[in-house]
Amino acid sequence: MASLREAQKEMTRRMILDAGLDLFSTKGYLATTVEDIAGAVGTTRVTFYAHFPSKSELMKALIAERLNEVLLRSRSPEHGSTALDLVEAVKDGGRDTIAAWLARTSERWPAIHPIIRIGRDAAAAEPELRNLVERWLEEAISDIEDGLAAAGRFEPHQRHFRGVLAMAQLDYVAQNWAGADWKLSREQMLEELTDSWFALLGAR
């Protein structure tokens, strides 16, 4: 019976997360209330607060859980989260390996984009959420740094900044690709992005 209750509790929590993501996407973070989210799930404020102390905590969970889930990131005691496939791709450093990782990641952009956009909107509205997305990006930068360190490429002081440059490119392209008019096909865009990543991170 206890396991059934736990399963129901987890299902309700996931439904609240789903409703929050949907409403934040359509109405905006500021315009969405706890009552809106609870109503969309068919529950009450009391149930909402049993799972999340506040709307901002729900936003934190969307970044920490949903974004990491989409990107196959696991918990890391050192960095908060890690994507072992990114570490391995950077460690390998081959152009084909980097291209394959970028292509797989680009397939997840439709799921990633709304979470990142909402996170930045929320951070602008609530001081406690400031730099929420940037902290998450820093975890991805640490993966790149770890991959370069494992491969012994570049000097220690270069590795982090090269990760910063690579992730800044990827983040900008991921957030703007759908609406941008860059005169490139998707395949051409990935080729250009791969060339840039390989120049920054790849093995020679």
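The structure is a predicted model.

**The cavity**

Let's start inside the protein. A search of the whole structure turns up one cavity of 30 Å³ or more, and the volume of this largest cavity is about 200 Å³. Its lining is made by 19 residues, and those closest to the centre are Leu71, Thr105, Trp136, Met167 and Leu170. By kind, the lining residues split into 13 nonpolar, two polar and four charged.

| Element | Residues |
|---|---|
| Helix 5 | 84-92 |
| Helix 6 | 95-106 |
| Helix 7 | 109-125 |
| Helix 8 | 132-151 |
| Helix 9 | 156-176 |

Which helix gives the most to this lining? That is helix 9, with five residues.

**Helix 7 against helix 9**

Helix 9 also packs against helix 7, at an angle of about 100° and with the two axes 9 Å apart. Angles of 65 to 115 degrees count as roughly perpendicular, so helix 7 and helix 9 are roughly perpendicular to each other.

On the helix 7 side, the contact is made by Trp109, His113, Ile116, Arg117 and Arg120. Helix 9 brings Leu170, Asp171, Val173, Ala174 and Gln175 to the contact. Taken together, the residues of this contact comprise five nonpolar, two polar and three charged.

Notes. Residues are numbered from 1 along each chain as its sequence is written. This is a predicted model: local features need pLDDT of at least 70, side-chain atom pairs count only at pLDDT 80 or more; totals for chains, interfaces and linings use all residues. Side-chain values use heavy atoms; hydrogens and water are left out. On a 1 Å grid over the protein atoms alone, a cavity is a set of points where a 1.4 Å probe fits but cannot get out, and a pocket is an open set with protein on both sides within 12 Å along at least five of seven lines; lining residues have an atom within 4 Å of a point. Grid points are joined across faces, edges and corners, and a volume is the space filled by probe spheres set on the points. Helices (H or I, at least four residues) and strands (E, at least two) are DSSP runs, numbered from the N terminus. Ala, Val, Leu, Ile, Met, Phe, Trp, Tyr, Cys and Pro count as nonpolar, Asp, Glu, Lys and Arg as charged, and the others, Gly among them, as polar. Axes are lines fitted to C-alpha atoms, for helices over the stretch in contact, and angles run from 0 to 180 degrees between N-to-C directions. Angles under 35 degrees count as roughly parallel, over 145 as roughly antiparallel, 65 to 115 as roughly perpendicular and the rest as oblique. Contact means heavy atoms within 4.5 Å.
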